[in-house]
Amino acid sequence: MNLRRPTGPVAYLAAQGVTLGLLGGFIIIPASGIFLERYGSSGLPWVYIAVALVGAAITPGMASALRRWSLATVCVPVLSIITALITAIWVGLDATDAVWMSFPLQVLFQVVLQLGFTFIGGQAGMLLTVRQMKEQFPRIVTGFAVGFMASGLLGPVLLSVLGRTERLLAVASLCSGALLALVSLTRRRFPAQLSVMQRSADDAPAVPLRTLLLRPFVFLLLSYQVLSMFGTQLIDFLVYDRAAARYATSAELARFTSVFTVALNAADIVFLALVAAWMLRRYGMRLGLVANPLVATMFVLGGLLSGTASGMGALSVFMAFAGARVADIVLTDGSTRTAINTAYQALPAHERLAVQAGVEGLGIPGAIGVAGIALLVLEHGFEADARAVAGLTVVAGVLWALSGLAVYRGYQRNLRANLSRRVLRPADIDLEAVVDSDPSVQTAAHHLLGDAGRSRSKIVDPMPDGGVRDLLRADDPDVRTSAYHSAAALAAHDPEMLQLVLDGLGTASTASMAAAALVTQHGGFGDLLDQALTNTEGSTKQCLRLVRCAARSSDPAVVGVLRRHVGHRSRDIGLEVLSSLVRLVAQHGPGPGPDQWSRLVGDVLRDDLVHAQRCDRAMAALARVAGAGELVRSLQDERNLLRRRTLAALGLIVDPATVVQARAWLEGTDQRAAALALEALEVSVPKQMRAAAVQLLQGSPGTAPMTGSATASATADTLVDLAGDPQGIWRRDWLGECAQHAILAGR
Amino acid sequence: MSSPQQMVTVERVAVLRRVEFFNRAPGHVLASVAAEAEEMSFGPGEVIISAGDPGDSLFIVVRGVIQVTVDEGFTNELGPGTVVGELAVLVPELRSATVHSVVDSLLLRLRKPVVDELLLDYPDVAIGIIATLVRRFQGGGRAPATADHR
């Protein structure tokens, strides 16, 4: 699986982000100027309500269109209509001085932002994997912040050139046209991904939007977005309310707005460039969803407490609310947008865009409308002041944070459910999983196919007696095979007989019957297994086969024996030990103290991560060494073995069905599915082992060759280390043989 | 036909990795297979497999070109990295095609017990073989006993 950084799509989407930022800026600058001059801030709640009504009117149509046509097909006419509307309003304002047109312009600003982010987020969902989305989406949003700030800086300059405020709409019209061109260009650059129409696997008729929005996870997403926008609007109101109270003249107010907008976007850009991706990578989705409400609410609460102590007109109150606004913008762009766009990826692909359009198109304008109504009711109904608005903001913030936690839990559940649904399709597992060498995979596959109880081996009838020993020594494997079951009954008291049965494990044609005979020894199998795993001189192949059949043993001592040997010197045998344990735990339950499995898995992952990093360093040192090709490929095999060990280990603490499907996707060629599987496992494993598990499952970061003067020395050291394995860390003769071959080839 | 030892194990493993249905097995496992493989050299026109003979091994072309001829007169030329006779290691039966060397060719021969050991511990290899055969049947319905042609 390759999860390298995709520069192409991100560059195109970031360019769209910049253009959307410019477009938004060049709409809101003239819209605010003209509207506030004519109607004042008391007209804004009516704008908010209109935004809600328009959102409610257009969203069902958008959702329906996105299920009928591809995203790229829908984007073009919608952006064309927006361009035409902006142009018409510009011409109307310029030619007729019809100031009322600033009202639809204000509404259009909100609609453009919601649709713009739906389009960009939708394209990102189709071009990037879920893992890439978490890392790259902040960079795309940075484009928007850069564009928005650039519009703020360019606005006054252009205004002096163009002469009239409404003529800035000509620039907005050009930006809208540019966004349309960029979307078309992106579609042409990535036709296979963007022109695809996602349909449900069974071609079932599309589910109505209302039904979709009432599904638990979608409803959580909707609630989160509504509370997010509601909180944002209230914080925005608080800042401008306090600013209006502090600055008496329109000139002072305009100066504050200008400085605050630039500072806001500069902080946003710095955060997006330096912190956002790292924060999501380091702390994950949960923090991405709750950081924004928590931090913004803390600022508002601080302002409220400060206002209660020293009056709402105090500078500290104003600073706290301004801080809340900065935190809200920075964390919205830096974590919330990315986290929520990632959360959409847990939905089935054929419903994703419709849900996204529904949530963004209904939820966000709806929240803006509710905020408008709430402000009107507080102001006119209760004659409440800023303290009441701040109190409402704190309550909304707490609910918003709680909904973030609920979305995260829903995201985990949905990812796992998606994987389980996939498993239930027999076509996905009938061959790969049922004949898999990993018993945990077989167990889960059989369980899911409703075949868990069916035995896969038939044991021949016991033979009556004593000629068994001769039969076990026969040259014909068929003859030996027929004797194993009878031999097993005698082997418990006859070491020589037991050895003959064990020898049967060493030959493919007799191994399965020998194994079947061995596991019937209820009392003695655990001891036998312990001896084989402790004996460092024995045959690895025989030991592997014995461990594999341990999963079929009913000897209660077996689990304890296997637990003791999880860290077996041979990583291959360790994998079989883990796999057999998974199967036994799946059959008999985890037993007392499930925490013990977490500790055991944590130990395995920690040791394996050290070995993985060792392999990566060796591959980097050997990437360009003549004659080391097979050695590098074998080191990659080692990495693949570590991935399988990780999956087997995770089977002890994560739902086996999730592990089975995750493995199929991780080993397949579909990068989107692999990323989704990785994401599902990441959110399923305990936090303390998450980073190690992801590094092990992602595989090698590549064999980028070393550079610099130390290269030759590092290469020589690596080859010598692999050839002799003086510290006993590689534990694979084959790597030594390959290293010696590379050394000879280099002479 | 002659059987001189020309390749070290690492080189044999590199050859096995190029064969589609072995490429899911790790190098150290292929090394154990390679150690059991026999190198066989054939001159131009020499017969490698005769139709109707019993068979229990497969051949991997390391160097050169071989020609597969089935009863109906269908012929196919195969080069390095291709396999002939793989069905015989799954289901021992009489060979259904004649294979001869077109130029000087070097082949690796793997007998059934060696492949059986591999299949027992690495079902991924069996999946690779099945996938190859399915693709072959889907791709024209040609008789399956000859080669892994890509």
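**Entry 1: terms.** I count two strands as paired if DSSP finds at least two bridges between them. I also note that the model is predicted.

**Entry 2: one sheet in chain B.** I looked up the order of strands and found E1-E10-E4-E7 (chain B). This sheet is open, has four strands and pairs in the antiparallel sense. Which strands stand at the edges? They are strand E1 (38–42) and strand E7 (83–84) of chain B. Each has a single partner strand, so one side of each is left without a neighbour in the sheet.

I then followed E7(B) to its partner. Strand E4 (residues 57–63) of chain B runs antiparallel to E7(B), and two bridges join them. I picked out one pair of residues here: Phe59(B) has Val84(B) in E7(B) as its bridge partner.

What packs on this sheet? I found helix H4 (residues 112–121) of chain B there. H4 touches E4 and strand E10 (105–111) of chain B. The direction of H4 makes about 65° with that of E10(B).

**Entry 3: another sheet in chain B.** I read the order as E2-E9-E5-E6 (chain B). This is an open sheet of four strands, with antiparallel pairing. At its edges I see strand E2 (47–49) and strand E6 (75–78) of chain B. Both are left with one side lacking a neighbour in the sheet, because each has a single partner strand.

Next I checked the pairing of E2(B). Strand E9 (residues 97–101) of chain B pairs with E2(B) over two bridges, in the antiparallel sense. Val99(B) in E9(B) stands opposite Ile49(B).

**Entry 4: where the chains meet.** How many residues does the contact take from chain A and from chain B? I count 23 residues from chain A and 20 residues from chain B. The two chains bury about 1,800 Å² between them. Carbon and sulfur atoms hold 57% of that area.

I looked at one of them: Arg17(B) with Asp637(A), whose closest N and O atoms are 2.5 Å apart.

Which elements give two or more residues to the side of chain A that touches chain B? I list helix H19 (508–519), helix H21 (540–550), helix H25 (629–650) and helix H30 (733–746) of chain A. The largest share, five residues, comes from H25(A). By type, this side of chain A has six nonpolar, five polar and 12 charged residues.

Key
Residues are numbered from 1 along each chain as its sequence is written. Chains are lettered from A and ligands numbered from 1 in the order in which they are written. This is a predicted model: local features need pLDDT of at least 70, side-chain atom pairs count only at pLDDT 80 or more; totals for chains, interfaces and linings use all residues. Side-chain values use heavy atoms; hydrogens and water are left out. Contact means heavy atoms within 4.5 Å. Buried area is the accessible area (1.4 Å probe) that two parts lose on being put together, summed over both. A salt bridge is a side-chain nitrogen of Lys or Arg within 4 Å of a carboxyl oxygen of Asp or Glu. Ala, Val, Leu, Ile, Met, Phe, Trp, Tyr, Cys and Pro count as nonpolar, Asp, Glu, Lys and Arg as charged, and the others, Gly among them, as polar. Axes are lines fitted to C-alpha atoms, for helices over the stretch in contact, and angles run from 0 to 180 degrees between N-to-C directions.
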